[in-house]
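User: I would like to learn how to read the fold of a protein model, one feature at a time. Please give me the general idea before you turn to the case at hand.

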Amino acid sequence: MAKYLLLKHYRGAPAPVNNVPMDQWTPEEISAHMQYMNDFAARLEKTGEFVDGQALAPEGMWVRYDGEGRPPVTDGPFAETKDLIAGWMVIDVDSHERAVELAGELSAAPGAGGRPIHEWLEVRPFYGTTTTITE
């Protein structure tokens with residue numbers, strides 16, 4: 001088995017077919033979307049392929065160490081993941097092909113008007129589960 005991250009983006013990926021931002025959806029559309037995601041995860045739990053998944057709140061900041069006795073530095077002049085990443089799901093599957101198959105299904109979650117979003121998802125293997133470094 002190999003673990004993969006299915007990463008959902010706010011922006012930075014090609015535009016989805018149903019390209020209405022979530023902040024313009026009705027409460028019912030948001031509920032339907034979240035129910036689809038929960039049902040998808042529950043189905044994968046039954047097959048042993050679900051590891052974890054979360055939707056991320058829009059708040060957040062960058063933090064880095066700035067030296068002994070100095071306060072941490074926060075934020076900065078760069079793109080922030082709070083502006084880019086909407087959420088993620090970790091799956092544990094038998095093959096890369098299965099990861100791609102599940103990502104394709106997940107991209108059809110409903111959006112505005114109840115129509116599938118067909119959003120682009122980034123599929124990334126966990127280091128060490130499917131890849132190795134060659135020198």
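User: At what angle do helix 1 and helix 3 pack, and how far apart are their axes?

Analyst: An axis is a line fitted to C-alpha atoms, for helices over the stretch in contact, and an angle runs from 0 to 180 degrees between N-to-C directions. In this predicted model, where local features need pLDDT of at least 70 and side-chain atom pairs count only at pLDDT 80 or more, while totals for chains, interfaces and linings use all residues, helix 1 (residues 27-47) and helix 3 (residues 96-106) pack at about 155 degrees, with their axes 11 Å apart. That makes helix 1 roughly antiparallel to helix 3, given that angles under 35 degrees count as roughly parallel, over 145 as roughly antiparallel, 65 to 115 as roughly perpendicular and the rest as oblique. Residues are numbered from 1 along each chain as its sequence is written, and side-chain values use heavy atoms, with hydrogens and water left out.

User: Which residues make that contact, and how many are nonpolar, polar or charged?

Analyst: Contact means heavy atoms within 4.5 Å. Helix 1 contributes Tyr36, Met37, Phe40, Arg43 and Leu44, and helix 3 contributes Arg98, Leu102, Glu105 and Leu106. By class, this contact of helix 1 with helix 3 holds 6 nonpolar, no polar and 3 charged residues, where Ala, Val, Leu, Ile, Met, Phe, Trp, Tyr, Cys and Pro count as nonpolar, Asp, Glu, Lys and Arg as charged, and the others, Gly among them, as polar.

User: How many helices and strands are there, and in what order do the elements run?

Analyst: Helices (H or I, at least four residues) and strands (E, at least two) are DSSP runs, numbered from the N terminus. The protein has 3 helices and 6 strands, and from the N terminus on the elements run β-α-β-β-β-α-β-α-β.

User: How should I read the sheet, and which strands stand at its edges?

Analyst: Strands of a sheet pair through backbone hydrogen bonds, either parallel or antiparallel. As a working rule, two strands pair if DSSP finds at least two bridges between them. Here 4 strands form an open sheet in the order 2-5-1-6, with antiparallel pairing. Strand 2 (50-55) and strand 6 (121-125) stand at the edges, each with a single partner strand, so one side of each is left without a neighbour in the sheet. From one strand to the next, the twist averages 15 degrees.

User: How many bridges join strand 1 to strand 5, and over how many does strand 1 pair with strand 6?

Analyst: Strand 1 (residues 2-9) is joined to strand 5 by 8 bridges, the two running antiparallel, and strand 1 pairs with strand 6 over 5 bridges, again in the antiparallel sense.

User: Which strands does each of the two helices touch?

Analyst: Helix 1 packs on the sheet and touches strand 1, strand 2 and strand 5, its direction making about 15 degrees with that of strand 5. Helix 3 also packs on the sheet, touching strand 1, strand 5 and strand 6, and its direction makes about 140 degrees with that of strand 5.

User: Is valine 93 buried or exposed, and what is it in contact with?

Analyst: Buried means under 20% relative accessible area, exposed over 50%, and partly exposed in between (1.4 Å probe, protein chains only). Valine 93, in strand 5 (residues 85-93), is buried, with a relative accessible area of 0%. Leaving aside neighbours within four places in sequence, valine 93 is in contact with Met1, Ala2, Tyr4, Glu49, Arg98, Ala99 and Leu102.

User: Where are serine 107 and histidine 118 found, and how do they compare in accessibility?

Analyst: Serine 107 is found in the loop between helix 3 and strand 6 and is buried, at a relative accessible area of 11%. Not counting residues up to four places away in sequence, serine 107 touches Ile117, His118, Glu119 and Leu121. Histidine 118 is found in the loop between helix 3 and strand 6, counts as partly exposed at 39% relative accessibility, and has a positive phi of about 55 degrees although it is not a glycine.
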